[in-house]
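Colleague: I have not looked at this one before. Can you walk me through it?

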Amino acid sequence: HSQQESKKEQTQALLDFALAETCSGVEMVHAAKMANNETLSAGFIRHAFDEYKHAQVFSQISKAIAKREGLLGLSRYLSLNAYDKRYMDRSAFLFEKMSLGKFSIFVYISERYAANHFSKVIEKANILNKEETIKLNSILDDENRHIAFSYASSKKFKMTNPIKYF
């Protein structure tokens, strides 16, 4: 495994994060439209804005690294890949398929998984400059906030539906 291949894999991971964040933003906007509570809708919209901001940062950083490191052959950022990678379902949005409680649990688990995976990429990344590392750590702060909010929402579900929760 050459150093160039490793750099390419790390940069590709950032591109994948960009696509996943975009898809999450789309799901959050849809959840905001479907929610029957203004406070909840506003929270989903704030979450969506964060996701779109993160996608843009991931995309910008991956492009800068590819240029700086002379990386060729990276998979392009294509919306079609959202379905191929199963970041989105063609048949329905998550909020349509799940109750609010299940949606909250799904978001909590997904955000935790993504934050753990993402923090490992940051730790491992020997391709990031200091400014890029700061930007990515800022995204991790946002993700931790998303985890806290979705956990709080899932705890409400747990109190009212303990059997379903487990």
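This is a predicted model: local features need pLDDT of at least 70, side-chain atom pairs count only at pLDDT 80 or more; totals for chains, interfaces and linings use all residues.

Colleague: How are α2 and α5 packed, at what angle?

Modeller: The angle between α2 and α5 is about 25 degrees, and their axes are 15 Å apart. Axes are lines fitted to C-alpha atoms, for helices over the stretch in contact, and angles run from 0 to 180 degrees between N-to-C directions. The two helices, α2 and α5, are therefore roughly parallel (angles under 35 degrees count as such).

Colleague: Which residues of α2 and α5 meet?

Modeller: Leu-40, Phe-44, His-47, Glu-51 and Phe-58 in α2 meet Leu-100, Phe-103, Val-107, Glu-111 and Phe-118 in α5. Helices are DSSP runs (H or I, at least four residues), numbered from the N terminus.

Colleague: New topic. Where is Asp-50, and is it buried or exposed?

Modeller: Asp-50 sits in helix α2. Asp-50 is buried, at a relative accessible area of 11%; buried means under 20% and exposed over 50%, with partly exposed in between (1.4 Å probe, protein chains only).

Colleague: What is Asp-50 in contact with, leaving aside neighbours within four places in sequence?

Modeller: Asp-142, Arg-145 and His-146. Contact means heavy atoms within 4.5 Å.

Note on methods:
Residues are numbered from 1 along each chain as its sequence is written. Side-chain values use heavy atoms; hydrogens and water are left out. Angles under 35 degrees count as roughly parallel, over 145 as roughly antiparallel, 65 to 115 as roughly perpendicular and the rest as oblique.
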